[in-house]
Amino acid sequence: MNRKIYAVIGDPVAHSLSPVMHNAAFRALGLDAEYIAVHVKAEELGDFAEDARKNLAGFNITVPHKKGIIPFLDEVAPVALMAGSVNTVTIRDGRLIGCSTDGYGLETALREAFGFELAGGRAVFIGCGGAAHAVAFHFAEHGLQQLFLLNRTISTAEQLAAELRQHFPGFQVETAPLADKDRAGDFLNRAQAAVQCTSLGLKPDDPPPIDPELLPQNIKLFDTIYKPTPLLRYAKAHGIDHAAGLGMLLHQGAKSFTIWTGVEAPVEAMRQALPPVPDI
């Protein structure tokens, strides 16, 4: 049997934790498969897609290609197409079939960390970049009652809100600029969970995207970044429920694995393979 090859593509991609996680899963189940990281620039996406048809069994997409890959796919799941974001491609008979597991990953991470359920829930996104687009559409599709969008550039938040209302009539979504402390505080007080979706916190000297003192005591704070950030440190110091982004990475990866292989992902083996989050 020929060894199946899977990949993650991005620019950059060397930092990705996906190979260690997926290769641990293949070992745990005794599958003859390998997962590699491939550095692909935007202008190389078309060539990569054509090569993948012949040589790969599937691949993941990380920033900045989650939208750019779509024109090169043969089929895209409806909600991923609405969101303009694909992070998982399955290759069947040379056909490239795209979907997004980011929303499932965050949904499962929030449930695991806090017991938070989407159905009837209220959440606030701090920033509308990164995975926020795909996740917002997944949340709307799966019964979130209300979504609050805070973003530095208000037009970006308003555009996302308009797209959500167009595809999910009646979905409750409100927007405000991050700099508006009154409205940001109001959103946080009305929400049950807050998801930090900006890249602020990746560098040690990054400021927090919002004033941490706006976080209410009863909020559940999830930071999509895997390392200690100013918001996570504040939450820990003030006894606020919090979790870093490794859970989202784990569960979106597990979903991709199951889509590709047709077998239940060995989540604990994948979790053990990931490095622990440094002490917050």
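**First stop: H1 against H9**

Select Ser18, Met21, His22, Ala25, Phe26 and Leu29 in H1, then Leu249, Leu250, Gly253, Phe257, Trp260 and Thr261 in H9; these two sets of residues meet. Sorted by class, this contact has 8 nonpolar and 4 polar residues, and no charged residues. The model is a predicted one.

Now show both helices as cartoons: H1 covers residues 18-29 and H9 covers residues 246-261. Their axes come within 11 Å and cross at roughly 50 degrees. H1 and H9 are therefore oblique to each other, and the crossing is right-handed.

**Second stop: H4 against H5**

Move to H4, residues 102-114, and H5, residues 132-141. Here the packing angle is about 70 degrees, and the axes are 7 Å apart. An angle from 65 to 115 degrees counts as roughly perpendicular, so H4 is roughly perpendicular to H5. This crossing, too, is right-handed.

To see the contact, select Asp102, Gly103, Tyr104, Leu106, Glu107 and Leu110 in H4, and Ala134, Val135, His138 and Phe139 in H5. By class, the contact of H4 with H5 has 6 nonpolar, 2 polar and 2 charged residues.

As background, nonpolar side chains in soluble globular proteins tend to be buried together.

Centre the view on Phe125 and display its contacts. Beyond residues up to four places away in sequence, Phe125 touches Ala132, Val135, Ala136 and Phe139, as well as Leu147, Phe148, Leu149, Leu150, Val195 and Cys197.

Most residues other than glycine have a negative phi, and most peptide bonds are trans.

- Asp11 and Pro12: a cis peptide bond joins them, with omega about 5 degrees. Pro12 sits in the loop between S1 (4-10) and H1.
- Val63 and Pro64: the peptide bond from Val63 to Pro64 is cis, and omega is near 5 degrees. Look for Pro64 in the loop between S3 (58-61) and S4 (75-76).
- Asp93: although not a glycine, Asp93 has a positive phi of about 50 degrees. Asp93 lies in the loop between S5 (88-92) and S6 (95-99). With a relative accessible area of 82%, Asp93 is exposed.

**Last stop: Pro208**

Go to the loop between S10 (193-196) and S11 (220-223) and pick Pro208. Pro208 has a relative accessible area of 29%, so this residue is partly exposed. Which residues does Pro208 contact, leaving aside its neighbours within four places in sequence? Select Leu200, Pro230 and Leu231 to show them.

Finally, draw a distance from the C-alpha of Pro208 to the C-alpha of Leu118: the two are 26 Å apart in space and 90 residues apart in sequence.

Conventions
Residues numbered from 1 in each chain as written. Predicted model: local features only at pLDDT ≥ 70, side-chain atom pairs only at ≥ 80, totals over all residues. Heavy atoms only, no water. Axes fitted to C-alpha atoms, helices over the stretch in contact; angles between N-to-C directions. Helix = DSSP H or I, 4+ residues; strand = E, 2+ residues; numbered from the N terminus. Parallel < 35°, antiparallel > 145°, perpendicular 65-115°, else oblique. Left-handed = near helix turned anticlockwise from the far one by under 90°. Contact = heavy atoms within 4.5 Å. Nonpolar A, V, L, I, M, F, W, Y, C, P; charged D, E, K, R; others polar. Buried < 20%, exposed > 50% of the residue type's maximum accessible area, 1.4 Å probe, protein only.
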